Amino acid sequence: MMLARAAESLFWLARYMERMDNLARLIEAAQSMAGVLSETEEWRSALTAAGVDELYDTVYETVSPQSAALFLCTSPDNPSAIVSCLDLARVNARAMRGALTRDMWEAVNQGWMESRQLDASAFTAARLPETLDWVRTISTRFAGAYETTMLRNENYWFVRLGTFLERADNTARILDVKYHLLLPEESSGVGGMLDYYQWTSVLRAVSAVRAYQWVYREEVKPWNVAELLLLRPEMPRSLRASYDAITECLDRIAAMHGGQRGECHRIAGAVASQLRYGRIGDIFQSGLHEHLTEQIERAAELGDQIAAHYMR
Amino acid sequence: MRQFFDDMHGTDGDIRAAYAEIATWLAQTPPDTLNAKREEAERLFRRIGITFAVYTEGGDTERLIPFDIIPRILDADEWAFLERGLKQRVNALNLFLADVYGAREIVRAGKLTNEQIDGHPAYCVQMQGVMPPGGVYTHVAGIDLVRTGVNDFYVLEDNCRTPSGVSYMLENRSVMMRLFPELFARIGVEPVARYPQDLLRTLQSVAPLADDEPCVVVLTPGQFNSAYYEHSFLADEMGVELVEGIDLVVREKKVYMRTTGGLKRVHVIYRRIDDDFLDPMVFRADSALGAFGLMEAYRAGNVALANAPGAGIADDKAIYMHVPEMIRFYLGEEPILNNVPTWDCANDGALAYVLDHLEELVVKEARGSGGYGMLVGPHSTKKTRDAFAKKLRENPSAYVAQPTLALSTCPTFVADGTAPRHVDLRPFVLSGADSVRIVPGGLTRVALSEGSLVVNSSQGGGTKDTWVLHTRQNGAK
């Protein structure tokens, strides 16, 4: 049993670090694809996937690569910008400094200190890739730090829980934004140059281009992409893998509380088995968009129920 | 020109034995190397986030306390002497507090008056007649010492409430060991790392009866407090929870914390918030930092608070002058450590003397801390003295005065090389129901500007690692 507020801080620390990492991948994909596809459309979809498109429109009139990148990375108008995520991660880390190992703290604090040195030039097209690499270094260092240094007590399982719930939510969002590209009916011209790039852009946003190749060994096909990101247990950013991890975390925590379980355990178990036994054909049949919308809602509800059960 | 005792060179300029190795090392190490090490130390401190908050400044509120890489060294005999004196003094302070809140023998003996006690701002009426577990009031005391000669140590101030700085003592050592492992291989230095375990044992020793292992927590005002780093550091090093007021609830005079598995009983609270904020039911009603009903639980003996509420009456600067008498009264011993002669300006004769000698005295607020609002006579101008004299006449009882001590200096790394700077020493004395523990050394604070005697971090002071040498020190191995 740990302090409820500590569980909450660790959970959100991990969520913000994971969110930052996903943003970096998303922006990277937008930038590398923007040369091939419509710039505006690519950046617009990145803003939508990050859930800040409406906010963006209140600040800017048009979508330009420079303003979109700045907005996603560092804008004070955007509370989910990369730099804001890092700030919030550090606030949570500092609030429960003692619940973190020194390596974890240093990963967050070092990243935060470095972020204070960044100026606007770090987010120009020319330097953006380097800056995004830096972001991923921080999140990787953090993940490595907690995996290698944390005691396997409740603290650890709440950090993992935050990581994977955030990841499940993010992957569902990225797929949802791109879902119209994935409708099989419209992809009669499989293998076309443009389609290839579009599907590849989805894979790129979750760093899965190579993974796709290893799993399918064929050209990029929409249902394969959807299956990889939804149902494949070996794909580390898939919903299936995320929910496998979420249920493990919740089971471990329940075991430490004498087996006591609640609504959060039920939701996580239901979603996990749906992903485990689901088939991609059926999902397309009943509507991919509907499926993903439901996934995003379930993730939000699961977050609320975890808070209700453990953090009050 | 005033002659100061220098920790390394004494008064005659010869290197003292304890510093022999360090002097050689300093002479042989090029300034560039020292400078690189100093920068590395600063990077390390930033990385671990050992910062303190400065309230009066805008912008970046997290700052580092400057760290000096040249250690301050005490030999085994000097430390043995200080240790005996510290234990004696803190024992007397705890007995004094038990007496103040108990039988008041000291009043009956005519050494203090009831008015001096009851009228004191740090006197806590809710503590009258309450006997804390083990009779311990000030579990963690920070005693500020200065040196003026080879055998002359003075207690400048007792800190019996929530003294801070011990995290610097520990982090300074770990940074030094990382930067200069070869020095530790050559010079036998007493370790300080057991402090958190000592602290935990001290806290556990005063726990009320528990079915299993007593639950100890550290209570912090939160991450915006200037000493937050230390609070989280100590909780982590002891392996106990760091809680805030919102995490605590009191039910039927028992204290619990909110955990992921519901409420869990708390037995000992190492609180790093002031008395006023402990319990809105008893003290400040607008405080959200403590827990409602905490004092009831405490008075019922269901939870221990360290340090005890009201312990501050023992460290007041007007009470300070009576400590030697307390030692004689409670222990029947002669004080081992010197007190600095003190004039209590509440006393008419003393006030007249102080006003006549402002130029040579240090005048402090009796209730102040942190080096704010004090006058250092020899470093003052006529204008500041006149302004201070006016304040003194208006409210004499708020001030005490002491002679300006010739604080010892210690070689310190400054912009243009190595130069002597004034230092003090704050050892941390742990009093449990079972025994008194002190890790060898403490926190050395150093006044970084030339000639300055004010070592407080809020006034531009820095810190040094403090080395106590092993008993059998025989130079190079």
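Predicted model: local features only at pLDDT ≥ 70, side-chain atom pairs only at ≥ 80, totals over all residues.
Let me start with where the two chains meet: 19 residues of chain A are in contact with 18 residues of chain B, and two residues are said to be in contact if their C-beta atoms, placed from the backbone, lie within 7 Å. On the side of chain A that touches chain B, at least two residues each are supplied by helix 1, helix 5 (82–95) and helix 6 (102–115) of chain A, and helix 6 of chain A provides the largest share, six residues. Helices here are DSSP runs of H or I with at least four residues, numbered from the N terminus. By kind, this side of chain A divides into nine nonpolar, four polar and six charged residues, where Ala, Val, Leu, Ile, Met, Phe, Trp, Tyr, Cys and Pro count as nonpolar, Asp, Glu, Lys and Arg as charged, and the others, Gly among them, as polar.

Residues are numbered from 1 along each chain as its sequence is written, and chains are lettered from A and ligands numbered from 1 in the order in which they are written.

Now to chain A itself, which is divided into domain 1 (1–150) and domain 2 (152–312), with bounds that come from an automatic or database domain assignment. In chain A, 27 residues of domain 1 are in contact with 26 residues of domain 2. On the domain 1 side, helix 1 of chain A gives the most, with 17 residues.
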